[in-house]
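Have the viewer open as you read.

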Amino acid sequence: MRLYNSSSMESMEEMSKTMVTTFECLSVDVLFEICAYLSCADILQSFASLNRRFSTMLMQEYLWRIRIDGDSMSISMFNDFCENILKVVKYRVISLRISFNNTIGGWSLVSSALKHYRTMLLQRLHLIDIQPYEFDKLLCNHSIKQLHTLIVDITESNPFNHQFVEGAYLAKVCSSMPVLNICRLPFSFSPISHKNLPISESTPLMSLPSVFNTTYLHTLTTGVNTSRFLQQLLLCIPCIRNLSIGVADPEEIENDNCDRFSMPVTVDPRLLCNLVRLKVNCLTSMSFHRTIVLLSSVFGQLIHFSLKLKLYTSACGRLAVSGDIIQQKCIDRLKPVASYALDLSFCVENDFEEKRIFNSFVKAAFFSRRRPKIIIQERNNWNIGLDYHCFALFTTPYHGTKLQTEFFSEDLQVSSPTQLNPIDLFPKANELFIEGFNGESSHHRLCNPSCSISSLVPWSLLTTIFIDGSDFISAFELEAILRMSYNVDKLRISEDNDILCSAILRDTDNLATRVNQQIKSLDMDGYTVTLSNVRYFCKLISIRLPNLKKLTFSIHDSYDGFGLHSASTRDGQIKSTKSIVNFIRCLTDDLQQLVSLRIFFFDWTFTKTPCFSYLIRRQLHESTIKRPYRLRCASGEIQLWL
């Protein structure tokens with residue numbers, strides 16, 4: 001043991017006092033720079049009660065930028081953050097980012113912490129996967145009136161993807177936030193949802209913002225709507241500088257009368273004289289042609305143009321989209337100094353042999369340019385048809401977040417071959433999608449680290465792996481992929497034979513060890529999990545994967561008579577509900593780190609469903625789950641936020 005004499009102890013105390021005094025003498029600007037590297041909780045716990053100067057500085061001078069990650073927080077942690085941090089810093093919050101991925105009624109907790117303050121400095125609000133009913137409440141909150149920036153991101157399953165009125169929320173937002181500069185509302189119109197409305201409801205097809213409410217709006221991102229809506233929207237945003245739009249018009253029958261292929265009138269460029277950046281996402285050939293005709297007058301003023309297409313089309317006809325058309329109608333109209341980005345996916349009918357559309361892109365003038373670099377790649381036609389020719393083309397860097405294994409194949413062609421850095425090639429990638437059909441897949445090369453194709457994968461950026469099917473990938477291959485993608489903590493598996501799910505739950509398999517060590521969020525959809533064996537399945541989950549924070553799985557109808565009459569009798573309903581509540585309670589008791597549990601019921605008819613929300617709510621309350629929770633329950637889904 002090292003001993004210190006009294007003189008050395010005194011010198012250390014003096015040094016400590018000097019350091020404290022020196023730190024307290026730092027300027028406010030330097031202290032604010034230090035706070036930028038700390039979490040909100042660390043700042044409050046470390047400095048708020050240090051002395052009067054620090055307390056005054058943090059509560060009256062510091063501008064707070066707060067992030068609440070509901071994706072990984074329990075309901076207790078989320079509530080504590082709102083009560084002990086968000087409420088404490090009061091009106092000094094200028095930027096707020098909240099993830100609602102796994103929360104239930106999360107906005108009510110946030111709103112409760114903010115409701116006491118009539119004057120706020122909040123200027124930027126970023127909401128991830130907020131639900132429509134919560135967003136409606138937000139629009140009534142006084143704290144959003146002065147917002148300059150509103151950014152909303154949603155997942156594929158969010159109801160905002162199925163709006164029955166085009167632009168309804170855009171009009172509401174612009175009305176509620178009159179000084180809005182930047183707005184991202186990726187809410188998409190669904191013609192089917194509108195068609196299914198009751199006949200008695202005379203709901204309009206679209207709603208447009210007033211020009212008086214878009215005076216300050218210079219950046220706008222919308223979801224997928226029709227070209228008819230886009231045509232009207234352009235009249236309402238005269239100050240727009242950056243515009244990102246999605247367009248989906250129904251495809252017309254090619255042998256119809258030519259009058260059916262009506263095109264819109266080109267917009268007057270004086271209405272969009274400030275527009276310099278344009279991003280277009282078209283889901284049909286008709287959408288592409290109408291959108292390009294509508295906006296053709298503004299291409300000459302752009303400094304950047306981005307085009308995304310995902311088309312199922314033919315190789316000929318008036319609606320065909322080829323490399324020549326992209327060159328003539330888009331790229332040639334841009335200024336020489338303008339930049340452009342392409343993300344194109346084609347499935348071309350009756351073109352498997354001749355590859356006319358594919359060859360038109362290879363021969364196009366933009367393909368031979370040094371910049372931007374073009375990558376084009378033929379793809380399989382497993383689930384479409386043998387007469388289809390499929391391929392993808394994109395410029396680098398590719399800004400998509402999801403990478404398919406088909407991106408990495410021997411058919412890859414680069415316009416100007418050079419050494420490719422995967423981080424530079426896919427800077428925003430975070431998910432690897434692995435799929436196959438009839439035992440075939442493109443993933444095999446990725447399992448070999450020495451393979452040149454594997455070196456193109458940005459392994460360090462990936463956080464999610466999604467596997468669709470399992471007859472083409474072995475447990476050994478999945479374990480190797482997880483080992484290389486060491487930052488992945490979310491695993492989704494959809495299969496019909498439970499090969500991978502069984503391997504994960506076997507304690508003798510290396511895959512089970514790897515998943516337990518690395519994966520925090522697991523989503524398994526296997527057809528063999530039924531109401532008769534789900535209790536055993538949950539027991540294995542608790543034993544093999546005790547570190548899970550999020551668990552999602554599906555229960556399928558076994559067609560063996562188990563629960564067949566659950567909906568027909570009161571006793572059957574109670575028995576079914578008791579079985580469900582029992583395995584839910586076991587999971588919540590055994591998985592101590594679990595913050596989110598979602599259970600889906602598939603292949604059950606409405607009259608035969610084993611899920612009765614009113615009974616489940618009652619029995620869960622009576623079963624006294626040991627942790628606080630919120631429940632969302634419907635006939636086909638149960639969700640718990642713990």
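## Helix α19

Helix α19 covers residues 570-590. With 21 residues at 1.5 Å a residue, α19 should span 30 Å, and because its end C-alpha atoms are 30 Å apart, the model agrees. That expected span is 1.5 Å times one less than the number of residues. Helices here are DSSP runs of H or I with at least four residues, strands are E runs of at least two, and both are numbered from the N terminus.

Several α19 residues are buried, including G572, Q573, I580, F583 and L587. (Buried means under 20% relative accessible area with a 1.4 Å probe, counting protein chains only.) Among the elements covering them are α18 (534-544), β20 (550-556) and β23 (637-641).

## Where the numbers come from

This is a predicted model: local features need pLDDT of at least 70, side-chain atom pairs count only at pLDDT 80 or more, and totals for chains, interfaces and linings use all residues. Residues are numbered from 1 along each chain as its sequence is written, and side-chain values use heavy atoms, leaving out hydrogens and water.

## The whole chain

Overall, the chain has 20 helices and 23 strands. Buried residues make up 51% of its 642 residues.

Terms used. Buried means under 20% relative accessible area, exposed over 50%, partly exposed in between (1.4 Å probe, protein chains only). Contact means heavy atoms within 4.5 Å.
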